[in-house]
Amino acid sequence: RAALPHLKASRGNIVNTASMAGLLNPPNMGAYNVSKHAVVSLTETLYQDLSLVTDQITASVLCPFFVPTGIHQSHRNRPGALSADGVAPTKSQRIAQAMTAKAVESGKVSAAQVAGLVFDAMRKKRFYIYSHPKALASVQTRLEDIMLARTPTDPFADKLEIGGELRAALRHDPDFALAAHIPAAAIRSRPSGSTTSAPAVCRSRASRPPPSAIRAPSPTNSQR
């Protein structure tokens, strides 16, 4: 209500920052995934709503991958009243923190470069803005899972050793040496012959049907 009248008086573009986790569902990141999917959905709806009422304002959503920022230390901004001091993190929280820190710190695309991508997308009126387009291979796999009504693809299907290490860490070994045993490669490297980046490292393109071969399953009698 406060901003739209000013934007409509000239022209404007509302950019919401989500994440590639808003298009994927990497394991051990449930709360984060949910919040980022919400941002993507909200922005898609906002785009449609704005298109009905004005040509002066549009919207875009930024879905960055691992960019070397302070996001893995975001607890530093938590209000004192909500401090978790004295509360030990769970095993899965410690593992997620270690994996995220390694991936973020090894990122090659800077925040300044992402900012440049945002301004370029605004000029070209692009809705989806990606810092790492190669990660879209994993998004394609997820959408194929949905269209074919198949169970979600194992994100470690091409990285069995890494998947095994993560499962062992979560299930069996409370003293798992996180920094030593979950390398950045567990999150960032892609399988040989694939354009997929991580965290959701999915099967290579060669093992997936071409888009023309994808068909949604026919409904059963009970579904009609």
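The following legends describe close-up views of a predicted model of one protein chain.

Residues are numbered from 1 along each chain as its sequence is written. Because the model is predicted, local features need pLDDT of at least 70 and side-chain atom pairs count only at pLDDT 80 or more, whereas totals for chains, interfaces and linings use all residues, and side-chain values use heavy atoms, with hydrogens and water left out.

**View 1. The chain and its secondary structure elements.**
The protein chain holds 8 helices and 3 strands. Helices (H or I, at least four residues) and strands (E, at least two) are DSSP runs, numbered from the N terminus. Read from the N terminus, the order of elements is α-β-α-β-α-α-β-α-α-α-α. Of the 224 residues, 34% count as buried; here buried means under 20% relative accessible area, exposed means over 50%, and partly exposed lies in between (1.4 Å probe, protein chains only). A contact means heavy atoms within 4.5 Å. Among contacts with a separation of 6 or more, 71% are between residues 24 or more positions apart.

The 3 strands form an open sheet in the order 1-2-3, with parallel pairing. Strand 1 and strand 3 (128-130) are the edge strands, each pairing on one side only. Neighbouring strands of the sheet are turned by 30° against each other on average, direction ignored. Two strands pair if DSSP finds at least two bridges between them; strand 2 and strand 3 are joined by 3 bridges. Leu 62 stands opposite Ile 129 in strand 3. Helix 4 packs on the sheet and touches strand 1, strand 2 and strand 3, while its direction makes about 155° with that of strand 3. For such angles, axes are lines fitted to C-alpha atoms (for helices over the stretch in contact), and angles run from 0 to 180 degrees between N-to-C directions.

**View 2. Helix 2 and what covers it.**
Helix 2 (residues 30-53) has 24 residues and reaches 35 Å from its first C-alpha to its last, close to the 34 Å expected at 1.5 Å a residue. The expected span is 1.5 Å times one less than the number of residues. Which residues of helix 2 are buried? They are Asn 33, Lys 36, Val 40, Thr 43 and Leu 50. Their cover includes helix 1 (4-8), strand 1 (12-17) and strand 2 (57-63).

**View 3. Leu 4 in helix 1.**
Leu 4 lies in helix 1. With a relative accessible area of 32%, Leu 4 is partly exposed. Neighbours within four places in sequence aside, Leu 4 is in contact with Ile 14, Leu 50 and Ile 57. Leu 4 and Ile 57 are 53 residues apart in sequence, yet their C-alpha atoms are 8.2 Å apart in space.

**View 4. The nonpolar cores.**
A nonpolar core is a set of buried Ala, Val, Leu, Ile, Met, Phe, Trp, Tyr and Cys residues joined through side-chain atoms within 4.5 Å. The largest such core has 13 residues, and those with the most contacts inside it are Met 20, Leu 23, Val 40, Val 61 and Cys 63. Not counting residues up to four places away in sequence, Met 20 touches Cys 63, Pro 64, Phe 65, Tyr 130, Ala 135, Leu 136 and Val 139. A second, separate core of 7 residues includes Leu 62, Val 109, Val 114 and Ile 129.

**View 5. The salt bridges around Asp 120.**
A salt bridge is a side-chain nitrogen of Lys or Arg within 4 Å of a carboxyl oxygen of Asp or Glu; the structure holds 6 of them. Asp 120, Arg 123, Lys 124 and Arg 126 are linked in a network of salt bridges. The side chains of Arg 123 and Asp 120 meet at 4.0 Å, N to O. These two residues are about one helical turn apart, because they lie 3 residues from each other in helix 4 (residues 111-123). Arg 123 is exposed, at 62% relative accessibility, whereas Asp 120 is partly exposed at 22%. Asp 120 also forms a salt bridge with Arg 126, in which the closest N and O atoms are 3.7 Å apart. Arg 126 is partly exposed at 34% relative accessibility.

Helix 5 (residues 136-147) has 12 residues and spans 16 Å from its first C-alpha to its last, close to the 16 Å expected. Its buried residues include Ala 137, Val 139 and Asp 145. Asp 145, with a relative accessible area of 7%, forms a salt bridge with Arg 150, the closest N and O atoms being 2.3 Å apart. Arg 150 is partly exposed, at 25%. Just after helix 5, Ala 149 takes a positive phi of about 55°.
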